[in-house]
Every structure is written in structure tokens, then in C-alpha cells.
Amino acid sequence: MGLGTALGTAISGLRGTQVGIGVISQNVANAGTAGYIRRSVSNVDSITGRTVGASNPNVQRLLDRIVQHQLWQETSGAAYTATRAEAFAGLDRLYGAPGSATALDSMFSSFTSSLQALQNDPSSYTNRTAVLDAASQLANRLHSLSEGVQTLRNQAEAGIGNAVTRVNELLESLTNVNARIVNGEASSGTADLKDQRDRIVSELSQYVEIRTSEQPNGSISIVAASGTQLFDGRPTVKFEFDQRSSIGPGAQWSANPAQRGVGTILAKDLSGNGFDAIANNTFRSGEIGALIELRDKTLVQAQAQLDEIAAQLSSALSDREIAGTAVTAAAATGFDVDLAGLQAGNSVTLDYKVTPGGQAQRFTFVRVDSAASLPLPASAQGDANNRVIGIDFSGGPASVAAQMQAAVGPGFTVSNTGSVLRIVDDGAGATRDVVGLTARPTQNSLTGGSAELPFFVDAGRNNAAYTGSFEGGAQSIGYASRITVNPDLLTDRSRLVVYNTSPATPQGDATRPQFLLDRLTSSQRSFTSATGFDGSGATSSATISTFVQRVVAGQGQASAAAQRLDEGQQVALAAVQSRFLEDSQVNVDQEMSTLIELQTAYAANARVISTVKELLDVLLRI
């Protein structure tokens, strides 16, 4: 080997060790910097003619790509569970602990206790006042809970808007960084850019679940878990959110823009073509996915439960139950019932048994006064054992009977005589046995000869009695924010006892107080599938008292479950972060050890250069 060759080899080695020492210095300086990935230098031997040396050293980041991708997935999941847990905790605080002074079940219990006291002493003015005070407090509590739920929905709406804006900003910021990485060489500066890009991607994964891939030229490609391309060297979509300034109980998401009362997320590609990202299920996880679920499902269901409580409170105290009169027609048996008192939203139930087997089933026919109100909304639907069907009464009794006949099928015969409806089974066919036919009209007046009364009314409909009408939209939606004690009762407290004026009900008569108490605590009521307990879509049966307790306890259980899920997800995230840091985190002791090796190599190369210089000096002196 000639002196020139030795000198070239030593210089290339010196250059490589200098780069390595610089990288170690950078590693140590950033040992505590979040998002910094440890670097190392890769030297490749090169041979040029007779010269052996090291080619330009490459600075490489030390990380496990598979673990990094898993980390981004777990980050998305953690953002999803944390957002849900925070919202459920807010709901739990809103409802209060079961049995606490401000909890809904406690206020309901105070109301029933006041009715119990009134039953024991109906003539007491103090007891009557206590009943109305407890009822007003219960109604006001429903108002505040409904308002709180809608506040949380509005916060979710605003949160979606902020998150969508941030996602667009992150995608845009990736463009410049990605381009500089593609155009750069594998240097320390490029490694810094990749760290910066990873931090952007990591933040992006908090909002939407993503999948990434890196091209041979260093460019990154990002798709959502749904398959929607988000970035490929530059943003491939831009999201737009038509945020609503204020949303209420009736404002819900729909794929049909004409029926949608909340904002939706549109994704527009580079050509300007767009699609609904919520309908496309683009946001399956992450913060945006959680906010959409809260706004459109969780909180909508919470409102439905409150509305159901309010509706059942009103209906239980105001709806009469008129049992049908047994009739026979040849071999067929059934019942007659008068529908004259039915109002929009009132129902008629047909109970029957399927033979053989004796399985009990029901049809519930709901009065509507316009075909525009049909079909009934999904929230009003029953299940296989209780089919809820809207009947248009605008065409008269004969039309009503015909619609019911079409609904029940050939196992029954439906007819009418004026307003009197008759339904009988198939007689000799022996496939159906009619066991009951009941009309449930709403009592509109405080005195009418029966114990029922419109105790609670709808303040949003001029204090009209609650009938469950579907005219102009379902009366039940948002009813918890409108329920109020009948002002006529507040004016004349005696109507809590006096239900008939001729002859006048005695002031000490306990019939009405006992009826009101029984309807709230003992009478079994059918609750709609909109309440969604246990993920069930079936109609449930319980007392109002039991249902209220179930709602309050259910919120606490849901909050605890969301908290446990979040804790588990945070543990999973921490485990993946630990695995990722094993390779990517700077270990100062390890860096110092490597530094000693590089210093030794540096000294060796420097010694070679010094020796070559001495030999050249000797040659020049000859």
C-alpha cells in the first residue's frame, strides 16, 4: 500500500468517525426530547482503484416500524376511549349518584312519598301543596338533565369541528416536510425531518385511526382504517364540517341532508368530488370517532331515556284504559271497543295468543291524523312480540278498520260499527285466540268522572295534555325539556282529590291519590326500544319507579364501564410505548460506550495521518 492510499483511507475513516461523534452528541443532547428517535451511523467500505476507505456515512434512525404502526393504532384507540370516558363521567355527574339528594330517582321517590302522604290524608292542604312542589321539582330536574345532555351534544359538535380543522392542518403540514425528506439525503438533517413527520402523524392518529406505508424514495402514504386515502405525498382529501351553532333534542344526524339537524363531515378529493365521511364510516376510532358516537348515539339515547320518563309520567296519570267488551261471531270470539275518545298519538292494543303453543303477542295501533305522519319513526317501533303500527284516522272508522285488517292479516277479522271497533279471531281456523282489546284515550280535563287527569302537560304545546302525537314530529322528542305541572292544578289544588263535580267527590276521598300512586309504583308500563338498555331493541315492561332507578343506575354503570375500558386501553398504549422506546430511546451509557470506540478509531486514523506526514517529510529531506 502506498502512502497516498494509506492517507486516503485514514482521511475517510476520520470523516466517518467525525460524523459518528456528531450523531452521538446529538443523541445525548436530545435524550429527554419527546419524539426524538436515536440515530446511528452506517459506514460502507469502498474500493477505488487501490484505495480502500469508507463511503459517505448514512445517518439512520433506530426504530421498529411494526411497533411504531401499532403505537399509532393504540394512540387512536386511547384517544377514543379517553374521550368517551370523559363524556360518560360528565353524564354521571349530571345525573348524580343513585339515592343522592339531587338524583332523579330521589326526586321521583319524593314525589311518590308525597302522594302516599296525600292518600293517607286527602283533605290536607299541606299534603296537596307538597305533592305539587315535589312534582314541580321532578319536572325541573328533567329540564336540567335534558339541558345538560344537549350541552354535552353541543360540546361534541364543536369538538368535531375543531378536530376536523386540526386534521386538515396536520395533513397540510405533512406536505412540506415529506417533500424535503424525499429531496434530501440520509443525513442528520433528514433524520430530524423524519422525527418531525412522525410527530405530525402521531398527532393525526389521535383524531382518526390510520395506516401508513413508506415508499422507497422516503415518501409516506396514509389511509384511514376505513380505506379512505388521506395523504400520498400531499393531502388527497380535505374535510369540511358544516357545524351547527346550536342543536336540540330533535336535531339528529341523517344521511339525508333534508332530515339532518347536526353537522356532517364531507371529504372532498383533489377533483372537488366529495362524499359524506360519517356515512362512509371514515372515522371509526380516535377522538373524532368518539365525538360522533357521543353526539349521534350515546347522548341521543340518554335524551330518549329522559323523554321516555317524562312521557310515561304523563301518560300513566292521564291515559284511561278502556277494556273491550267480549263478543262472538259464529265460531269466532273477540272484543268490541269504542275508539271515539282517541286522540292523535293514543293507542289501541290487541292481545292474542298463537295456537297451538299459546305464545302471547300484541299489536299496538297508534292513531295519526295525517298520512304524512306515516310511517312511524324508528324510535316508536316495537318488536316481534309487540308490533307498533300507525293508523291514519283521517279517512273515518271504516278506513281505520281496513288498515288494521291489512296489518293483522287473515288470522283475524276486523270490522266496525260507527266508532266501535270489533276484532275477532279466526274461529274454526284455530290459529289465533284474541284475549284482549284495549283503547287508551287521554283524559284532557281535571274532572271527568274518573281518577285519570292531565297532571303533567306539554309547555311547548300550549300546556296541552301529552298524547304521544306524531303530528308535525314526535311529541316525545325533547319532552323532558318541556314537561310541566298542569297550571290548572296549581290554581286549584283540590283537583288532586276531586275528580267529579256532579255529584262532587268528597274532599277526603283517597281514590285519585291512590290511583296516581299505583300508576307510578305498581302499574306495569311498556317502554319503547329507543331507550336501548343492554343494547336491546325490544320493548321492555316495568313500573315507572323501576325504570327511573334503572336509568340513574345505568348511567353510573355506563360511566364505570367507559372508565374501565379507557384504563385498559391506556395500559395497552403504555405497553406499546415501552416496546417502542426500547429501540428508539437514547441510552446515555450506551452512547458513551460507542463514543469511546469512535474516539479510539479517530485516534488511530489520526495516528496514520501523522505517520504518513512523518514519512513524507523524511522523503522530502532525502
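Start by selecting Ser-221: leaving aside neighbours within four places in sequence, this residue is in contact with Arg-211, Thr-212, Ser-213, Gln-215, Gln-229, Phe-231 and Asp-232 (contact meaning heavy atoms within 4.5 Å). Ser-221 sits in strand S6, residues 220–224, where strands are DSSP E runs of at least two residues and helices are H or I runs of at least four, numbered from the N terminus. Ser-221 counts as buried, because its relative accessibility is 9%; buried means under 20% relative accessible area, exposed over 50% and partly exposed in between, with a 1.4 Å probe and protein chains only.

A word on what is on screen. This is a predicted model, in which local features need pLDDT of at least 70 and side-chain atom pairs count only at pLDDT 80 or more, while totals for chains, interfaces and linings use all residues. Residues are numbered from 1 along each chain as its sequence is written, and side-chain values use heavy atoms, with hydrogens and water left out.

Now zoom out to the whole protein. Colour by secondary structure and you have 11 helices and 24 strands. Of the 622 residues, 47% are buried. Among contacts between residues at least 6 apart in sequence, 65% join residues at least 24 apart.

Next, show the largest nonpolar core, which has 54 residues. Such a core is a set of buried Ala, Val, Leu, Ile, Met, Phe, Trp, Tyr and Cys residues joined through side-chain atoms within 4.5 Å. Select Leu-104, Phe-111, Leu-142, Leu-313, Phe-455 and Phe-456, the residues with the most contacts inside this core. Elements giving two or more residues to this core include helices H2 (65–95), H3 (104–120), H4 (125–183) and H6 (286–318). Centre on Phe-455 next: beyond its neighbours within four places in sequence, its contacts include Phe-111, Val-131, Leu-132, Leu-317, Leu-489 and Leu-516.

How do their axes meet? To see the contact, show residues including Ser-76, Tyr-80 and Phe-88 of H2 with Leu-291, Leu-294 and Leu-306 of H6.

From Ser-76, move to Ser-205, which touches Trp-72, Thr-75, Ser-76 and Ile-210, not counting residues up to four places away in sequence. Ser-205 is in helix H5, residues 188–207, and is buried, with a relative accessible area of 0%.

Finish with some backbone stops:

- Pro-375 lies in the loop between strands S15 (359–368) and S16 (386–392); the peptide bond from Leu-374 is cis, with omega near -5°.
- Pro-503 lies in the loop between helix H8 (487–491) and H9, and the bond from Ser-502 to Pro-503 is cis, with omega near -5°.
- Asn-281, in the loop between strand S10 (274–276) and H6, has phi near 60°, a positive value in a residue other than glycine.
- Ala-330, between strands S12 (325–329) and S13 (332–338), has phi near 60° and is exposed, with a relative accessible area of 83%.
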